[in-house]
Amino acid sequence: MKIKVIVTLKNGVLDPQGKAIQQTLNGMNFGNVEDVRQGKYFEIEVKEKDEKKAKSLVDDMCKKLLANLVIEDYKIV
Amino acid sequence: MRSSVIIFPGSNCDRDMDVALKKFGFKNQMVWHNDQSIPKSDLIVLPGGFSYGDYLRCGSIASKSKIIKSVIDFANSGGLVLGICNGFQILTETGLLNGILQQNKFLNFICSNVYVKVKDKQNKYFKYLKKDVLELHIAHNEGNYFCSDDELKSLEDNNQIAVTYCGEDGTENEITNPNGAIKNIAGIFNKNKNVLGMMPHPERMIDKYLSGEDGSLFFKNILDNFK
């Protein structure tokens, strides 16, 4: 079963890459871009048929490795 | 004084550290990350470099290495653990040190000499050090120290801030902050001050003909404090 995870920076944490992307977009005449936040996306193939169990495993993985909870939030989608 | 330098795939300051430690009289040995245990040591060093290519987050993969359990046990029993640059990043990922090293504020890799101010001398690393400002070297892309407000308060309250970026005269401000680190932080301790992580490389400042000698003071001081 494939579980998808999105890891993003927490609100209030400076994202210089996002800022640079936003400024570049503005420079390309996408003037209405007000903010960009960059994140990470994972597709995790888990050997597990029960979706609830698979998601709970991935949740554990997020806490232990995939996200650093000092600055990042994660969402299992 | 016996020391061990842990080598991860992608470490690249391990041999510099070995040379530096031996130069000042440490009996140093190199330890591979996949080993189960660490030979008897008084100091464990996690060297700089790019362990696992900085994949996921700097230091995150190395922080799950086999050897790390022994490093954590050693630290928790009061042993001295020093993490330089990538080693500092690994220590934050293990949870031995608070916070995280984010990408530099201006998105640039910085390779230059900097001055750092020693903020606390009540520890085995800096006790009796005669200088308050050291000239050391930094080379990193992710050295922008960040932690939550609560963590920062606790670092300050317990005097866990070890070194901060400053000018030659010790001035700490935005201009003397190369990477955007919160409060100019270049290095911190754990609560018991036996674990030290810092971005600057003392092992690159041990020869007056190459760079400078303030790193020599750092290593000699650890040895003197141990005697």
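Visitor: What do the buried residues of H3(B) pack against?

Guide: In this predicted model, they pack against S3, helix H2 (68-76), strand S4 (80-84), strand S5 (100-102), S10 and S11 of chain B.

Visitor: Why is helix H3 (residues 86-94) of chain B called largely enclosed by the rest of the structure?

Guide: A residue counts as buried if 20 or more other C-beta atoms lie within 10 Å of its own, and nine of the nine residues of H3(B) are buried, so the helix is largely enclosed. The buried residues are Asn86(B), Gly87(B), Phe88(B), Gln89(B), Ile90(B), Leu91(B), Thr92(B), Glu93(B) and Thr94(B). Just after the helix, Gly95(B) takes a positive phi of about 95 degrees.

Visitor: How do you know whether Pro200(B) is buried or exposed?

Guide: The cut-off for buried is 20 or more C-beta neighbours within 10 Å, and Pro200(B) has 30 of them, so this residue counts as buried. Pro200(B) lies in the loop between strand S11 (195-198) and helix H5 (214-226) of chain B, where, leaving out residues up to four places away in sequence, Pro200(B) touches Val114(B), Val116(B), Leu136(B), His137(B), Ile138(B) and Ala186(B). Its C-alpha atom is 9.2 Å from that of Glu135(B), although 65 residues separate the two along the chain.

Visitor: What makes strand S2 (27-32) and strand S7 (133-140) of chain B the edge strands of their sheet?

Guide: The sheet is open, with nine strands of chain B in the order S2-S1-S3-S4-S11-S10-S9-S6-S7 and mixed pairing. S2(B) and S7(B) each pair on one side only, and that makes them the edges. Neighbouring strands are turned by 25 degrees against each other on average, direction ignored. H5(B) packs on this sheet, touching strand S3 (43-46) and S7 of chain B, and its direction makes about 105 degrees with that of S7(B).

Visitor: How do you know that strand S10 (residues 185-189) of chain B pairs with S11(B)?

Guide: Pairing requires at least two bridges between the strands, and three bridges join these two, which run antiparallel. Within these strands, Ile188(B) stands opposite Gly197(B).

Visitor: Which residues of the largest nonpolar core touch the most other members?

Guide: Out of 66 residues in that core, they are Ile6(B), Val81(B), Val116(B), Ala186(B), Val195(B) and Met198(B). Strand S9 (residues 161-166) of chain B gives the most to the core, with five residues. The contacts of Val195(B), leaving aside neighbours within four places in sequence, include Ala75(B), Val81(B), Leu91(B) and Phe189(B).

Visitor: How does the radius of gyration of chain A stand against that of a compact globule of 77 residues, and what share of the chain is buried?

Guide: Such a globule would have a radius of gyration near 11 Å, whereas chain A has 16 Å, and its C-alpha trace spans about 45 × 25 × 15 Å along the principal axes. Of its 77 residues, 10% count as buried. Chain A has two helices and three strands, which follow the pattern β-α-β-α-β along the sequence.

Visitor: How many residues does each chain bring to the contact, and of which classes are those of chain A?

Guide: Chain A brings seven residues and chain B twelve. Helix H1 (residues 16-27) of chain A supplies the largest share of the chain A side, three residues. By class, that side has five nonpolar, two polar and no charged residues.

Conventions
Residues numbered from 1 in each chain as written. Chains lettered and ligands numbered in written order. Predicted model: local features only at pLDDT ≥ 70, side-chain atom pairs only at ≥ 80, totals over all residues. Helix = DSSP H or I, 4+ residues; strand = E, 2+ residues; numbered from the N terminus. Buried ≥ 20, exposed ≤ 12 C-beta atoms within 10 Å, placed from the backbone. Contact = placed C-beta atoms within 7 Å. Rg over C-alpha atoms; globule rule 2.2 N^0.38 Å. Axes fitted to C-alpha atoms, helices over the stretch in contact; angles between N-to-C directions. Nonpolar A, V, L, I, M, F, W, Y, C, P; charged D, E, K, R; others polar. Core = buried A, V, L, I, M, F, W, Y, C linked by C-beta atoms within 7 Å.
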